[in-house]
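I opened this entry to note what I looked up, site by site.

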Amino acid sequence: MHRITVAALLVAGGLSILPAAAEQPTLRGFSPESSHAERDWESKFQAMPDPAQMRAHMQLLAAHPHHVGSPYDKQNADWILAQYKSYGWDAHIEEFDVLFPTPKERLVELVAPTHFRAKLQEPTVAVDPTSGQHAEQLPTYNAYSADGDVTGPLVYVNYGVPADYDELARKGISVKGAIVISRYGGSWRGIKPKVAAEHGAVGCLIYSDPGDDGYADGSTFPDGPMRPADGVQRGSVADMPTYPGDPLTPGVGATKDAKRLTVATAQTLTKIPVLPISYGDAQPLLAAMGGPVVPTDWRGALPVTYRLGGSGPARVHLVVKSNWDIKPIYDVIARLNGSTEPDEWIVRGNHHDGWVNGAEDPIAGQVAELEEARALGTMYSQGWRPKRTIIYAAWDGEEPGLLGSTEWAETHAAELQQHAVAYLNSDTNERGYLGLSGSHSLEKLLNDVAKDVQDPETKVSAWTRLEDRMLVGGRGGAGGGAAGGGRSGADIPISALGSGSDYTPFLQHLGIASINMGFGGEDRGGIYHSIYDDFYWYTHFSDTSFVYGRALAQAAGTTVMRLADADVLPFSFTNLAATTRQYLTQLEQLRDTRDREITSIDRNIDAGVYSVVSDPRDPTLAPARETPPPHFDFSPLEDAVDSLDGAASRYERSLNSALANGAPAAGALDQVNQQIVQSERALLSDEGLKNRPWYKHLLYAPGYYTGYGVKTMPGVREALEQDEWSDVNGEIARVAAALNREATLVSSIATELGGRRR
Ligand SMILES: [Zn+2]
């Protein structure tokens, strides 16, 4: 509280909190003189993104539903293309043909003990001018659900993750032949029907509980930002942790003549029909259920007694049928050619398709990206020449399954693996804190950029806001504070990337160092993937003055410029080494935790403990017996982390001395930069992850049973979590080999840089 008062006084006194260019430190990867020139261009750049333009562009791009296959999706792509051309970029549209199912038949009805038919319709809200565009809106559904017509007893499965089914088994409840009803949340939505089908369910309903994004968290739309009773979250349920993109063309671009799987042989469609419903439609179903009362933390916020169901009396009839059409998608690809290193590419993207009008998701990010492009184009006309080539993309088809980015990345895989330095993604944007995630070789760069972008509400840097949140543990903060309290100035850790947006094909399939950024954490909302995510909602309840849109454009554009202009690409491997050491410690602890848990459960089973504590009127069965893990040999991984650590420190020393005395001549650092470009590739494995060879990165992957949530060192971690003990040592060896490749490469770059010392 005290700090805020001081900051407010400084602002009121007209003092700039961000230091002036002259007193700022030399930028990573730049010589002192090139750093100075870069800072001049960056401050010109940061003055250009314009909130009024962003507002006008959002109003236009979100004026009608713009999902894949809709006329307005194509119209937006054409409009974005024309913008890039008018900004001076070399731009074109790249088209792909993808499987995109749309609803043909949808029915949810309670057939016992009473009859109720779900509305499955989001109503017009009088004050919201686009909410009434029903003829253009996609009905509420989950894309890539299997077709089906099923009837069965209803079972409540909480969030529908594997641990929830263990809990159900202990209450003696099976979902075989049942229709499950799951809350949204707790995992990515596609996990819910996948796990339900694995346990024998025949159908799956997913509803938005008001405890998660409805009235429990604030007033509902249009009085407030939260989900109204009939609001529904659409979304894809394709098995993205197996592979994203067009289900019919895994691993190759969905071009006109691509070889395609049939719908029947595609691996990523669900095995059972699934449909999302509102809490208005869910309440009568939940109220009709019998069986034991759910565990306390399974309860939502509806005024009903939540029960597990099972044998009855509630029975539901579910019908889902889709038109299984191939639809065109339109990626806008724009390029500014590099002056001295045109074969090194910096790629930046944000999707343009929405589920309906999609103002917050994705137009809030799209309008920031457009303003970056306008500013970079303007500077180009003023004489700025990026060393490297900059490619800006507006992706189509992100919502159904990262279609536009994945098909483009697969089509251009060979040239991207040769030329792409980094990929920078954004998607949604709101008020609050700068969310930073990505490859840890870029952690220092992102920290540096966050220090040079001003937070519009507090006027301190976006970085200071993040550090201070860590100290006090505010909303979304880590909590607890740094050791000893107070500001330490140490790098703020960025999160690892799982999935859920367009960085996935670049990072996890092609091994291109990637970043995801966006502001958030202060706006509540319950309009995600509904007809109410529109211009009216955004301009009443989110970044209403578009100052956070401007801050996103400043942060993302500054990152792109630094990557495009640096003498030596601004990667750092010390943070990567430190992060891999943390992952290693977590995995060793995970093994020991699993050992303790399983041993204690098995001992209690042997002693008959579970039957003694079970209430005979509400019995709970013992958990299943498991085999505790043996000891594993983590030493290859320990050695590899040490090697990377040593190489990374040597690299830092060489980098600092190589640039201290001035900018090298163009081309002098080609060899060094080309090796840095390959540094993320060294972390890939050709054979990919177990059961999902499309995913080739050995450090970062979406969890097979979490979806969006990341699993770091996924081969080892998932083997430990899923009791696949016989896989662990082999997976340790694979990760160790990747880190050793990285250490060898980084060491050779350090030597090369050292040889350049003047
Ligand atoms: Zn999005």
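Which residues coordinate the zinc ion? I found His351 (NE2), Asp361 (OD), Asp427 (OD) and Asp427 (OD), at 2.0 to 2.6 Å. Donors here are N, O and S atoms within 2.8 Å of the metal (3.2 Å for Na, K and Ca); water is not among the atoms, so sites may look incomplete.

The model is predicted: local features need pLDDT of at least 70, side-chain atom pairs count only at pLDDT 80 or more, and totals for chains, interfaces and linings use all residues. Residues are numbered from 1 along each chain as its sequence is written, and side-chain values use heavy atoms, with hydrogens and water left out.

I then checked the geometry at the zinc ion. The four donor atoms subtend angles of 54 to 146°, which makes the arrangement irregular.

I noted the donor spacing as H-x9-D-x65-D. His351 and Asp427 are both buried (under 20% relative accessible area; exposed is over 50%, partly exposed in between; 1.4 Å probe, protein chains only).

Next I looked up Gly211. Gly211 is partly exposed, with a relative accessible area of 37%. Gly211 touches Ala216 and Ala301 (heavy atoms within 4.5 Å), not counting residues up to four places away in sequence. Val294 is 83 residues from Gly211 in sequence and 15 Å away in space, C-alpha to C-alpha.

Note on methods: Tetrahedral: all angles 85-135°; square planar, octahedral: opposite > 155°, others 65-115°.
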